[in-house]
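Morning, everyone. I have one structure to show, and I'll keep it quick. Here it is.

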Amino acid sequence: MTKNKLFGLIDLDTRFELTKFKLVRMLFKSRWFPLLVILFNLAIFLVILIAGFIGGYSSGNYNFGVMVVWILWWVLLMFMLVPVFARSWCLMCPFPIFGEWFQRGKLFGVKTGKLNGLGLKWPKALKNMWLMNFLFLGTTYFSGFFTVRPLATFILLGAIILLAFIVMIVFEKRNFCLYMCPVSGFQGLYSQFAMSEIRRKDPEICKHHTPKTCFVGNEKGHGCPWNLMPFDFKKNTYCGMCLECFKTCPYDNMAFNLRPPGIDLLVDTPREPKGLDEAWKAFIMLGIAIVFFLGFQGPWGWLKDMIRATTTKGYLGYIAGHTIFNLLAIPSVFFIFAFLSKLFSGNKEVSLKQVFINFSYTLVPLGLGVWIAFSLGIILPNGSYILHIISDPFAWGWNIFGTAHFPWTPVFTKYLGLLQGGIMVLFYLFSLVYGFRLSKQTYGDETQAKLGWLPILVFLTGITIVFLWLFLAA
Amino acid sequence: MKTNERLAVFLIILATIGVLVGVFAIEKYRRGQLYTVQLTARVPENGNWYPRQISVPAGEKVRIYIRNIETITHGFAIPDFEVAVKEIKAGEVVVVEFTPDKKGTFPFMCTVWCSDHHLDMTGELIVE
């Protein structure tokens, strides 16, 4: 394998700038974009909220809210938005629009000077993914209700919209999105794998440009609402892709690039360091995927009963087991392999903590692969319901597109296991190619890197075999 | 800029209040135009018949549009007018037609044992 080529084929430095096309750059610089997309999604989410409220406790498979959020949106997110376009959902997310409107006092225009609201700084101790880790894990405690009870989806989405508004009144800019939103954390983590990025073009222009309008804003646009430094982006994790930096840069020095997948996994800078918070996010996402697969796509009825709270005791058992599995069990097993890695490498300089953190990023491609495979298990059997609910969104007997009576039609479910297995193998290979590079980054020395890589290779292979068994045999 | 701001505010109102008002206005118009009554069937613990009470005019042809939005089978009957649907399967919609020839309040009910609370799955037909 060539040193700087992915699978010996694609140069890791390859970039294809989409904003070099006039039309794309014009779109990115327009204040109507992404506002119009957000407003469109706001209307869709209002329909979702109405359907969720009206649907109440009825079954989820004929409910617009449940189907659009947990089948269509989730699958789009995991299949396309995150792996291809990074945090592009944040670009079009309608949840913070009311808070942002309040802060700016304007929907379209640019507010100069201090934003409305208390404008408090986000606590330094919470400037990481920990809060999102706990909130996302907490949300999954109710996963047995969200997918079957429209009212549960209504409550969840309503709570997120309300919380976003309150937090944006108290704290400055989009700290809710950056540090609280349950959807934000995993998008950030998996966006490191994404096939696109927003980066500055010529570092020299940024170096000599003062003030940094992408950070402080100007009459064309707001300073980065995510409180980041667009002139020094090195990875996708926290960039919400709001496109304000395209509007504020007088030199058109920002670019939207297509790139080989996964290269952010190798980035570790003082401004955007690798950390335990992101490591735990990787563990939690992998753990949740395992639990969800066993609970929702596996044949074990007793587990489904626990998740759906058939009995209080069973439900409490699920919460306890789910928490321990995600926060302790998976990290503990991984810790053993990280320890073995350091032992095998013979390296004395690198700390065990650093080994543990660095190798945790090998779980990003694998975890994303698991979620894509899991999403296939959602969309192929249940996708046909979408034709039904777009014609009759409130179960009132409407037939807008003439598809209200389209029967439940599973698609390609005969090949579901094979497709899921194929995806797993592909993303396992991504984990391997980046894993060995991470090993070289961690240990420096080639021989140490090879020896230290072995235990992690065993761990990743073991996880993949477990999933292949689940997809193909269980 | 001011025109754009006004347009943006108009669009957000359209996306929120517009959708909300639009949805319910369309439904109100549709219910008035297409049929006399619509009933949604759900087991009592999930919401029961919706609505529980329906009013229809005496001596005129009545159409009841019954939609089962659950994953279990329900049935429907108004014994006083000898109206019955043996089975309304999961996700199915049925329409019953009859002409109520007497005034008063009459019970309607589910006729398939759908849950432990099946016997509570009842409603009232008011003929005025």
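First, the ground rules. This is a predicted model: local features need pLDDT of at least 70, side-chain atom pairs count only at pLDDT 80 or more, and totals for chains, interfaces and linings use all residues. Residues are numbered from 1 along each chain as its sequence is written, while chains are lettered from A and ligands numbered from 1 in the order in which they are written.

Start with the cores. A nonpolar core here is a set of buried Ala, Val, Leu, Ile, Met, Phe, Trp, Tyr and Cys residues joined through C-beta atoms within 7 Å. Buried means 20 or more other C-beta atoms within 10 Å of a residue's own; exposed means 12 or fewer, partly exposed is in between, and C-beta atoms are placed from the backbone. The largest core has 125 residues. A:Ala282 and A:Leu286 are among those with the most contacts inside it. Helix 14 of chain A, residues 276-297, gives the most to this core, with 13 residues. Helices are DSSP runs (H or I, at least four residues), strands likewise (E, at least two), numbered from the N terminus. A second, separate core has 15 residues, including B:Phe76 and B:Phe108.

Now the helix pair. Helix 2 (residues 35-55) and helix 3 (residues 64-85) of chain A pack at about 125 degrees, with axes 7 Å apart. That makes helix 2 of chain A oblique to helix 3 of chain A. Oblique is what remains after under 35 degrees (roughly parallel), over 145 (roughly antiparallel) and 65 to 115 (roughly perpendicular). Axes are lines fitted to C-alpha atoms, for helices over the stretch in contact, and angles run from 0 to 180 degrees between N-to-C directions.

Next, A:Met132. Where is A:Met132 placed? In helix 6 of chain A, residues 130-140. A:Met132 is buried, because 25 other C-beta atoms lie within 10 Å. Setting aside neighbours within four places in sequence, its contacts include A:Tyr179 and A:Pro182. Contact means C-beta atoms, placed from the backbone, within 7 Å.

Last, the two chains. The contact takes 25 residues from chain B and 20 residues from chain A. Helix 1 of chain B gives the most to chain B's side, with 12 residues.

That's the tour. Questions, please.

Key. Contact = placed C-beta atoms within 7 Å.
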